[in-house]
Amino acid sequence: TEHHCIPRDIMTVGRDILLGYNVQFGLKTEIVPSDVLTLYKFDGQHAKLNSLATVLDDRFNRDFSELY
């Protein structure tokens, strides 16, 4: 992410790698998934940054904002 963070969890589904982070935000009041999650696509040799939009839908975004 673009924030100072500590990696906390990793999950793979097929060739997708989802990384979750623990982030200290300070004064930021609205947290969005891209603040604490990063998605990569593994091509067999390298993990390349991929857009979260490919896996996150409206329901996830709503649940995320309610829980975070």
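A salt bridge is defined here as a side-chain nitrogen of Lys or Arg within 4 Å of a carboxyl oxygen of Asp or Glu. The model is predicted: local features need pLDDT of at least 70, side-chain atom pairs count only at pLDDT 80 or more, and totals for chains, interfaces and linings use all residues. Residues are numbered from 1 along each chain as its sequence is written, and side-chain values use heavy atoms, with hydrogens and water left out.

The protein chain has 2 helices and 4 strands. Both kinds of element are DSSP runs numbered from the N terminus (helices: H or I, at least four residues; strands: E, at least two). Their order from the N terminus is β-β-α-β-β-α. Along the principal axes, the C-alpha atoms fill a box of roughly 40 × 25 × 15 Å. Of the 68 residues, 22% are buried. Buried means under 20% relative accessible area, exposed over 50%, and partly exposed in between (1.4 Å probe, protein chains only).

By the salt-bridge rule, the count comes to 4. One of them joins Lys-41 to Asp-16, with the closest N and O atoms 2.8 Å apart. This pair links distant parts of the chain: Lys-41 lies in strand S3 (residues 37–42) and Asp-16 in strand S2 (residues 16–23), 25 residues apart. Lys-41 is partly exposed, at 36% relative accessible area. Asp-16 is buried, at 18%.

Asp-43 and Lys-48 form another salt bridge, at 3.4 Å from N to O. Asp-43 has a relative accessible area of 39% and is partly exposed.

Arg-62 and Asp-63 also meet through their side chains, at 4.0 Å from N to O. Salt bridges with shared partners join Arg-59, Arg-62 and Asp-63 into one network. Arg-62 is partly exposed at 45% relative accessibility. Asp-63 is partly exposed too, at 30%.

The structure holds 1 aromatic pair. The ring centres of Phe-60 and Phe-64 are 6.1 Å apart and their planes are at 25°, so the pair is stacked. Rings of Phe, Tyr and Trp (its six-membered ring) pair if their centres lie within 6.5 Å; planes under 30 degrees apart count as stacked, over 60 as edge-to-face and the rest as tilted. Both residues lie in helix H2 (residues 58–67), 4 residues apart, about one turn of the helix. Phe-60 is partly exposed at 32% relative accessibility, whereas Phe-64 is buried at 11% relative accessible area.
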